[in-house]
Structure formats: structure tokens, C-alpha cells
Amino acid sequence: MGIILDILVVVILLFCALRASGKPIYRTVANILVLLAVFAGSVLGSFALRPVIQSVFIEPSYAKSVAADMADMVSSPALDDPYLTVAKIDLPALMEKQSAQFSALAESYGVTTQKILEETSGLSGAEASEKALKTIVTPAARDVSWAITYALLFILLLIILKSVGKKLYEKREMTQKMTRNTALGFALGLVTGLLWSYTLIAVLVKCFYPYSFGALSVIGLHGGVDSSFLTRILILLNPF
């Protein structure tokens, strides 16, 4: 997976560079500005809309799945309300008798058993079990909700700005002779490719990187990023 991610970054860089080398310079510069605007709008919009996606769609689904897994470990019934499901579970007994299974479940959501013990310290009974469930699912639900919101906004804003830009390009190219500079276009194309790699691969991969539940366990993204070079550098440069 690490090699695949790095190859994808290289392909994006070369594709953008070669494509830009045959285009008017102003179009490549405009594409860079559009990409930056789309990125900024998507990030700002995601922080505003993410809580809605998380609370309505993602976190309830994750909570129900984790609660069912916890209930299955102690042969307890799984109810429609995940917090009612775990309320019937004796958390200390579960962590003692099924420590390996519970630890694997928590770690697939990027949470250690030590973190759960810290968060549930001083709590007991249903309150401790409900707090443990929230501790497990909330970070993953937050990151995945942010990634989904970001991706949707990115696509929407890109379509809108590209549509507007296309009309402006056509009008400009009908009235003016366009100059091309292959070397400069290639260099600017590399910049464009780097921005595409960063705004899509680095930003989205970082959101899913800590987790290995569900389909992510099959993809092997966590280990893939650790074994990559270019992708890991882009992720390290991502402040979000």
C-alpha cells in the first residue's frame, strides 16, 4: 500500500506537469488559485458542517457497531440504542476476561485501553460502560465525518469554480493570443500536482490513517502510510 500511495503521488505530479506544459501559463496559474480557493473553502466549511454529519450519521453507526461487538464478548443482547446495550455490560469484567478482544477492538478505533481506563476513572456501572463506548467511537467519528464533509465540499466547490473559470478562459482566448512556455508550464504543473496530492491524498489519508476497523482493516492504510515515503512527508506537513 505504501508503494501504491507513493506511485499515485508521482503519477499525479507528472500528469499535471505534462498537461500544464502545453497550456497557456495563465491557465495553469488560474488552476492553482482555484485549487487553493477550493481547499480553503472546503476546510472552513468542514469545520462548520462536520458536527452535523458526525452526530446524525457517523457516530450513531459506529457506536452501534462497537456496542454490538462489546455485547457479543459477554453474550449480552444488542439493543437498538447502543448506550443501552453497553449499560448492561460490566466494563471491568469485560476488560479483564476479554482483554485481548477488547483491546483489539479499541485499538482498531485508534484508542488504547489505558486511555479508556483514564476516561472511566472514578465511574462505575452503566456510566463507565457508556463513557468507554464514547471514548472509543468519538475520535474516529469526528475524523471520518470531517473527511466526508471535506470531500463533498471539495467536489462541489471545484465544479462551481471550474465552470466559472471555463467560461472566462473561452472568452479570453477568443480575444487574445495565448503565449506558452513549456519549461515554466512544466514547473507550474509540478506545483499544481503537489497541491492536488496534498489537498486530496495527504488530507484525506491522514483522517483515516489511525484507524483499522471495517474496510480500513482490509485496505491496510495504517501500515501502508508507515511504509511510504512521499505520502508520509505530505501527511507530516498537514496541520489539520
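Author: Contact means heavy atoms within 4.5 Å, and helices are DSSP runs (H or I, at least four residues) numbered from the N terminus. The model is predicted: local features need pLDDT of at least 70, side-chain atom pairs count only at pLDDT 80 or more, and totals for chains, interfaces and linings use all residues. Residues are numbered from 1 along each chain as its sequence is written, and side-chain values use heavy atoms, with hydrogens and water left out.

Reader: Which residues of helix 2 meet helix 8?

Author: Helix 2 contributes Ile-25, Thr-28, Val-29, Ile-32, Leu-35, Leu-36 and Phe-39. Among their partners in helix 8 are Leu-188, Leu-195 and Tyr-198.

Reader: At what angle do the axes of helix 2 and helix 8 cross?

Author: Two packed helices are described by the angle and the distance between their axes. Here the axes of helix 2 (residues 25-73) and helix 8 (residues 182-208) cross at roughly 15° and come within 9 Å. Helix 2 is therefore roughly parallel to helix 8 (angles under 35 degrees count as roughly parallel).

Reader: How many aromatic pairs does the structure hold?

Author: Rings of Phe, Tyr and Trp (its six-membered ring) pair if their centres lie within 6.5 Å; planes over 60 degrees apart count as edge-to-face. The structure holds 10 such pairs. In one of them, Phe-39 and Tyr-198 are edge-to-face, 5.8 Å centre to centre with 65° between the planes. This pair links distant parts of the chain, 159 residues apart.

Reader: Is Phe-39 buried or exposed?

Author: Phe-39 is buried, at 14% relative accessible area (buried means under 20%, with a 1.4 Å probe and protein chains only).

Methods
Axes fitted to C-alpha atoms, helices over the stretch in contact; angles between N-to-C directions. Helix = DSSP H or I, 4+ residues; strand = E, 2+ residues; numbered from the N terminus. Parallel < 35°, antiparallel > 145°, perpendicular 65-115°, else oblique. Phe/Tyr/Trp six-rings, centres within 6.5 Å; stacked < 30°, edge-to-face > 60°. Buried < 20%, exposed > 50% of the residue type's maximum accessible area, 1.4 Å probe, protein only.
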